[in-house]
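Here is a short report for a first look. Start with the view below, then read on.

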2 protein chains.
Amino acid sequence: MTERSTRERILDVALDLFGTRGVDAVSLDEIAREVGVRKQTVLYWFASKDELVDGVLEAAAAELVVVIDAAVRAAPDDPLDRVDAVVRAVFRPAVRRPALLGLVREVNRLRPDQAARLRARVAPLVERGIGHLSSEMDAGRLRRGDPALIAALGYATLTGIATEPELLRAVGWAADRAGLRRLRDELRSYLRAALAP
Amino acid sequence: MTERSTRERILDVALDLFGTRGVDAVSLDEIAREVGVRKQTVLYWFASKDELVDGVLEAAAAELVVVIDAAVRAAPDDPLDRVDAVVRAVFRPAVRRPALLGLVREVNRLRPDQAARLRARVAPLVERGIGHLSSEMDAGRLRRGDPALIAALGYATLTGIATEPELLRAVGWAADRAGLRRLRDELRSYLRAALAP
DNA sequence: ACAGTCGTCTACCAATTGGTAGAGAGATGT
DNA sequence: ACATCTCTCTACCAATTGGTAGACGACTGT
């Protein structure tokens, strides 16, 4: 069995806690307890809480970028099919690890420099996506509109629905296997309809 | 000039702070300072922080319900026009008071009983909306699908885009007057496309 | 054999947290 | 005139926060 390093375990636990409850609401003590170590060990690996937040963001961004990137590259040529592929790719981690997308929503509360760094981190992916949307619109394979805003809207739909279990409970949705598939399919048709020419 | 009561001022400030930075990240001291009063005065009006949170949620829900309800009732008969009306109605408060929708997103982190109470509070509105979607689908004036999930998706799009300024910055959007109008129009066509039959 | 360095620990610390106890000022009813 | 009620205050408090200082054992390379 692969011995995961203390540092990795801390990042892992912190990602889960930060993503589900928010950075401010989680203390170093709590993270340390969950990892099975003392707070000072956490502060040994990350000199301050801020630095830990940076580390978590970096790790999360890397994971998301890899997942999405791979999905897009492996997807068929048709842009709507490609959207499908991204949905499927993001849906799995989102369900298995709600914290991952939850952390994305924490970005609004980050210090400006942290937010800026994260933005720079995902910028290539975003620009490629927007460029792609733009050329597909020109080719008449996608509904016309401001590519940047359309991208933001699609992303808002996806992360919104994937990170708001309470919202889904409010409309009587059940989080079982069947419900999950129904939700994913509904999301796909919704996005297809919103983006189709 | 109307003398707003201390209680109201506390609710107001707390709504803004909770909505923009999260419940856990805001202390009673900070709220009190902003109101211009001592923390113990806050604790006089609300016996505990939890009770204050309850009060804020109640006030926010009431405000949102009134706004949306009025918009829907005043809107024309066509369901897509009605969606337009809701978008316009929610967009204005969302921009003038980001905290209002921001608080909605805090719901995921609430204690279960608080979340349940809030859900009960907005349930009538939600059910009416879903029923409406359902009958419009039957009438062939909306794209067919699970009305509850479609409602959740539309809502996720709207609140997602309205509460994630960082997301919009990431795609190079400017928060000026023109940008705002462009965003609103783009959101409207996006939703129309997603919902149209 | 030994000096260093690596990782974790115990022992603290000042600041901040939500909350209690109760004093005092002002208005109000009798 | 006086008792009561309403509201805000000062003075505390125990628990928790992020963070510092430094001891201690287990490995290293020489």
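## Where the two chains meet

This is a predicted model. The contact draws 45 residues from chain A and 45 residues from chain B. On the side of chain A that touches chain B, α7, α8 (147-163), α9 (165-170) and α10 (177-195) of chain A each give two or more residues. The most come from α8(A), which gives twelve residues. By class, this side of chain A has 26 nonpolar, eight polar and eleven charged residues.

## Around DNA strand C

Around DNA strand C there are 15 residues. T6(A), R38(A), Q40(A), S27(B) and S48(B) come nearest. Two or more residues of this surface come from each of these elements: α3 of chain A, and α2 (28-35), α3 and α4 (49-74) of chain B. The surface near DNA strand C has four nonpolar, six polar and five charged residues.

## Around DNA strand D

DNA strand D is surrounded by 16 residues. The closest are S27(A), S48(A), R38(B), Q40(B) and Y44(B). The surface near DNA strand D divides into four nonpolar, six polar and six charged residues.

## A look at S134(A)

S134(A) sits in helix α7 (residues 112-138) of chain A.

Technical notes: Residues are numbered from 1 along each chain as its sequence is written. Chains are lettered from A and ligands numbered from 1 in the order in which they are written. This is a predicted model: local features need pLDDT of at least 70, side-chain atom pairs count only at pLDDT 80 or more; totals for chains, interfaces and linings use all residues. A residue is near a molecule or strand if its C-beta atom, placed from the backbone, lies within 6 Å of it. Ala, Val, Leu, Ile, Met, Phe, Trp, Tyr, Cys and Pro count as nonpolar, Asp, Glu, Lys and Arg as charged, and the others, Gly among them, as polar. Helices (H or I, at least four residues) and strands (E, at least two) are DSSP runs, numbered from the N terminus. Two residues are in contact if their C-beta atoms, placed from the backbone, lie within 7 Å.
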